[in-house]
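Look at the sequence and the structure below before reading on. The report then goes through some local features one by one.

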Amino acid sequence: GKGPSGSIVVVADSGGNVKGYISNPNVDLFIKDNGKLDVGKAVGTNGVLTVIKDFGLKEPYMGQIPIESGEIAEDLTSYFAISEQIPTAVALGVFVAPEGTVSAAGGFIVQVMPDASDESINAIEKNIKDMESITKLITIDNSAEDIIQKVFGNIEFEIYEDLEIDYICDCSEEKIDRVLISLGKDELESMIEEQGQAEIVCHFCNKKYCFTKQQLQDILKKAL
């Protein structure tokens, strides 16, 4: 987004494992007139939102749109409408405590299925418009099901799956090895000659991987 926060990367899988990082996590956020944090100013608007989905096919699906507001929920809504052409409502909320820590975070995505009736769509739109902010809802012990109930109102719904969401990084020494191999022969030789060692820090979990000169030489052999 070219804002002061820099690039934001998030990776998730179908098992509820999520990891992510932000280039500059120490951005001072402004407060809007409505009392909410001005995320849009931190993210910026001169950039792109890219979504990559790996369905196990030969090539992953990729969609991309220009960032419109920098507000993540708004831009995700635009992404679904423009790139995937699915009418979607996205709401995200984060409650930041006075000392600067995040005490609650959550949200929902509601999408229109092809056979949805206009009556149901209008009812859900009205429910979302009339409901309290998602930030307030997640701070007063509402469960995910409670929030779904508020979105759907009198419309019956069925829960097909319930997953725990965890921040889990799947980095490993083997994966870092592959990263170093991808640097190529010249870069590895330069690293061995000039530094004699290497320290790689995972962006997602800040775990450090240290490689001795001998280990780098072994990796170089694999790169040849």
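The text that follows covers a hairpin, some ring contacts, a loop residue and a helix.

This is a predicted model, in which local features need pLDDT of at least 70 and side-chain atom pairs count only at pLDDT 80 or more, while totals for chains, interfaces and linings use all residues. Residues are numbered from 1 along each chain as its sequence is written, and side-chain values use heavy atoms, with hydrogens and water left out.

Helices (H or I, at least four residues) and strands (E, at least two) are DSSP runs, numbered from the N terminus. Strand β1 (residues 8-12) pairs with β2 in the antiparallel sense over five bridges; two strands pair if DSSP finds at least two bridges between them. Val11 has Lys19 in β2 as its bridge partner. Four residues lie between β1 and β2 in this hairpin, and Gly16 in the turn has a positive phi of about 90°.

**Rings.** Rings of Phe, Tyr and Trp (its six-membered ring) pair if their centres lie within 6.5 Å; planes under 30 degrees apart count as stacked, over 60 as edge-to-face and the rest as tilted. The whole structure holds three aromatic pairs, among them the two in this table.

| Pair | Centre to centre | Angle between planes | Class |
|---|---|---|---|
| Tyr21 and Phe204 | 5.2 Å | 75° | edge-to-face |
| Phe152 and Phe157 | 5.6 Å | 40° | tilted |

Tyr21 is in strand β2 and Phe204 in the loop between β8 (198-201) and β9 (208-211), so the pair links parts of the chain 183 residues apart. Buried means under 20% relative accessible area, exposed over 50%, and partly exposed in between (1.4 Å probe, protein chains only). Phe204, at 18%, is therefore buried, whereas Tyr21, at 23%, is partly exposed.

A charge sits over a ring if NZ of Lys or CZ of Arg is within 6 Å of the ring centre and within 35 degrees of the ring normal. Lys19 lies over the face of Phe204, 4.5 Å from the ring centre. Lys41 is placed over the face of Phe30, at 5.0 Å.

**A loop residue.** Leu29 lies in the loop between β2 (17-22) and α1 (39-43). With a relative accessible area of 34%, Leu29 is partly exposed. Apart from neighbours within four places in sequence, Leu29 is in contact (heavy atoms within 4.5 Å) with Leu37, Asp38, Val39 and Ala42.

**The helix.** In helix α2 (residues 72-82), the buried residues are Ala73, Asp75, Ser78, Tyr79 and Phe80. These residues pack against β3 (48-53), β4 (61-66), β5 (88-96) and β6 (102-111).
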